[in-house]
Amino acid sequence: MTAPAMSQRAGWWFVLPALALIGGFYFLPVAGSLLLSLTDFDIYAIASLDNARFVGFGNYLALFENPVFWTAVRNTFYFALVGGPLTVAVSLAAALLVNARLVRFRGLFRTIYFVPFVTTLVAVAIVWRYLYHPQYGLLNYMLGWVGIGPIDWLGNPRWAMPAIILMAVWKNFGYHMLIFIAGLQTIPAELYEAAELDGAGPLQRFRHVTLPQLAPTFLFVGVITMIGYFQLFSEPYVMTAGGPLRATTSLVLLMYEEGFRWWRLGTAAAVAFVLFLIILAWTLVQFRLQKEQA
């Protein structure tokens, strides 16, 4: 055996444990879930596999005829398309503010902004449920200063999803802010100096220097934000349990209800694969748009 062939074989032996783990803990469960979505696997099938029947695409067809499924799809897109861009915008604004030369105690501000991200959602939910309280909440108290009457933030179907979005943006923007700060620090100072010598103002430097240089960072932050927001679950589960009137039921929450409340595991697996296809399609669209802009 030649030396290059021996080297190649040694490389395969080195990566084999990692490939085995990825195959065993990722691809095998995914394949099992896909098979599960083609059956009517339920609580009776847990007792005996003889009770499970192959139904083909029956679970998918039943989902498409279920109005709750389309409500969950609409809520998920509402949360992702409003909360995602809002989170990116707030994260970028915070990064620009913290990264400014005139700002002192940058480390302190970065820590303060990052704290919500590492705080447990249960603790965050307790605080925000108080802020949203229709009678004693701080938010309604502040709205009263400008003559706006109290709003039942979590009990009104019209306001429940905006309330969830506001809390999610507050909790998550600190993580994306750190990524934007890392991107800002890679921009050469010479570009800003050259633009300033050409007479460019702050807004022009931001538009013609900062934004183009941050394009890869925008792509990364945009992709991970949208993937995370399409998997909305914890916020509505803790704050509203999917209500009121299904106004905050997301696809993942519907999957949880089908799988672990009603034990229709085949239907839950079908919801998971529909969500996978949505996320895959949206990610490909983002990459395509980024490629066209580049």
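Trainee: In what order do the elements of the protein run from the N terminus on?

Mentor: The model is a predicted one. Its secondary structure comes to 14 helices and zero strands. From the N terminus on, the elements therefore carry one symbol throughout, as helices and strands are numbered from that end. The order is α-α-α-α-α-α-α-α-α-α-α-α-α-α.

Trainee: What percentage of the residues in the protein is buried?

Mentor: The accessible surface comes to about 17800 Å², and 70% of it belongs to carbon and sulfur atoms. A residue is counted as buried if its relative accessible area is under 20%. Among the 294 residues, the buried share is 37%.

Trainee: Which residues touch the most other members of the largest nonpolar core?

Mentor: This core holds 40 residues. Helices α3, α4, α6, α8, α11, α13 and α14 each supply at least two residues of the core. A second, separate core of 17 residues includes Ala-95, Met-177, Ile-179 and Ile-181. In the largest core, the residues that touch the most other members are Phe-69, Phe-79, Trp-128, Tyr-132, Phe-230, Met-239 and Leu-251.

Trainee: Why is the pair of Tyr-237 and Tyr-256 edge-to-face?

Mentor: The structure holds 24 aromatic pairs. In this one, the ring centres lie 5.3 Å apart, and the limit for a pair is 6.5 Å. The planes stand at 75°, and because planes over 60 degrees apart count as edge-to-face, that is the class of the pair. The pair links distant parts of the chain, with Tyr-237 in helix α12 and Tyr-256 in helix α13, 19 residues apart.

Trainee: Which class of aromatic pair do Tyr-256 and Phe-260 form?

Mentor: Both residues lie in helix α13, four residues apart, about one turn of the helix. Phe-260 has 54% relative accessibility, so Phe-260 counts as exposed. The ring centres of the two residues are 5.9 Å apart, with 35° between the planes.

Trainee: Is Thr-240 buried or exposed?

Mentor: Thr-240 lies in the loop between α12 and α13. Apart from residues up to four places away in sequence, Thr-240 touches Leu-154, Ile-164, Glu-235 and Thr-248. The relative accessibility of Thr-240 is 15%, under the cut-off of 20%, so Thr-240 counts as buried.

Trainee: Which residue lies over the face of Phe-117?

Mentor: A charge sits over a ring only if the charged atom is within 6 Å of the ring centre. For Phe-117, the distance from the ring centre is 5.8 Å, and the residue is Lys-171.

Definitions and conventions
Residues are numbered from 1 along each chain as its sequence is written. This is a predicted model: local features need pLDDT of at least 70, side-chain atom pairs count only at pLDDT 80 or more; totals for chains, interfaces and linings use all residues. Side-chain values use heavy atoms; hydrogens and water are left out. Rings of Phe, Tyr and Trp (its six-membered ring) pair if their centres lie within 6.5 Å; planes under 30 degrees apart count as stacked, over 60 as edge-to-face and the rest as tilted. Buried means under 20% relative accessible area, exposed over 50%, partly exposed in between (1.4 Å probe, protein chains only). A charge sits over a ring if NZ of Lys or CZ of Arg is within 6 Å of the ring centre and within 35 degrees of the ring normal. Contact means heavy atoms within 4.5 Å. Accessible areas come from the Shrake-Rupley method with a 1.4 Å probe; for residues, only the protein chains shown count as cover. A nonpolar core is a set of buried Ala, Val, Leu, Ile, Met, Phe, Trp, Tyr and Cys residues joined through side-chain atoms within 4.5 Å.
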